[in-house]
Amino acid sequence: MIEYIKGELTELTPALATVEAAGVGYGLNISLNTFTALQKEERKMVKLYVFEIIREDAHVLYGFINKKEREMFELLITVSGVGANTARMMLSGMSVSELCNAISTGNARLIQSIKGIGKMTAQRIIVDLRDKIVALGIADEIPAGGTMSAPVNNAVRDEAVAALTMLGFSPAPTQKVVVQILQAQPTLPVEQVVKLALKQIK
């Protein structure tokens, strides 16, 4: 088993990183989150945590910028209907913390916003992983109960996120801002939440 590969980053695309270690170039499939993190690296020497998939016809390596992203990937592929490429797509559409928040709050709609995830798969991800993400400590910001510290009005949250998404904003950061607003001011109506969010979403 390969735990991680540390070496020179010789090639980088949004989907693949090539790391040369001891004269061997390893091609690692990566998420957009890892791609973004690697782009910020000023040094050419990088360290990527690895998950291997060995099949009869291929030996595929997936690379992750940190252990938490790899742990999330490993959990996602345990869910029926979620393969490695789908899990990578999910980790490209959301950060680990955003995905944990969506799972812990049961926000199937947000999970469905990721390409390739249908309603049944989103619900299965929530049911299967809600307790596991807390038990493994992936979601440090989520208490042991598996829910966020301050409950929010789910109907208002979903309506506000839907409205902002229709306006062209990305669902994941939108969800984060809306939840923060509702935690601070739980009684706000949808239109006020949307107005405040418009000022905060970057």
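Strand 2 (residues 16-21) and strand 3 (residues 24-29) run antiparallel, joined by 6 bridges. The model is predicted. Beyond this hairpin, the points below cover the nonpolar cores and the salt bridges.

**Hairpin**
- Leu16 lies opposite Asn29 of strand 3.
- The hairpin leaves 2 residues between strand 2 and strand 3, and Ala22 adopts a positive phi near 55° there.

**Nonpolar cores**
- The largest nonpolar core has 31 residues, of which Met72, Leu76, Ile111, Ile125 and Leu129 touch the most other members.
- At least two residues of this core come from each of strand 5 (59-64), helix 2 (67-76), helix 3 (84-93), helix 4 (96-104), helix 5 (108-112) and helix 6 (119-135).
- Leaving aside residues up to four places away in sequence, Ile125 touches Leu76, Val79, Val82, Met90, Ile103, Ile111 and Arg130.

**Salt bridges**
- There are 3 salt bridges in the structure.
- Glu3 pairs with Arg70, with 2.8 Å between the closest N and O atoms.
- This pair links distant parts of the chain, 67 residues apart: Glu3 sits in the segment before strand 1 (4-12), Arg70 in helix 2.
- Glu3 is partly exposed at 30% relative accessible area, whereas Arg70 is buried at 7%.
- Asp57 and Arg55 form a salt bridge at 3.3 Å, N to O. Asp57 is exposed at 64% relative accessibility, and Arg55 is partly exposed at 45%.
- Asp158 and Arg157 form a salt bridge at 3.0 Å, N to O. Asp158 is buried at 19% relative accessible area, and Arg157 is buried at 2%.

Key:
Residues are numbered from 1 along each chain as its sequence is written. This is a predicted model: local features need pLDDT of at least 70, side-chain atom pairs count only at pLDDT 80 or more; totals for chains, interfaces and linings use all residues. Side-chain values use heavy atoms; hydrogens and water are left out. A nonpolar core is a set of buried Ala, Val, Leu, Ile, Met, Phe, Trp, Tyr and Cys residues joined through side-chain atoms within 4.5 Å. Buried means under 20% relative accessible area, exposed over 50%, partly exposed in between (1.4 Å probe, protein chains only). Helices (H or I, at least four residues) and strands (E, at least two) are DSSP runs, numbered from the N terminus. Contact means heavy atoms within 4.5 Å. Two strands pair if DSSP finds at least two bridges between them. A salt bridge is a side-chain nitrogen of Lys or Arg within 4 Å of a carboxyl oxygen of Asp or Glu.
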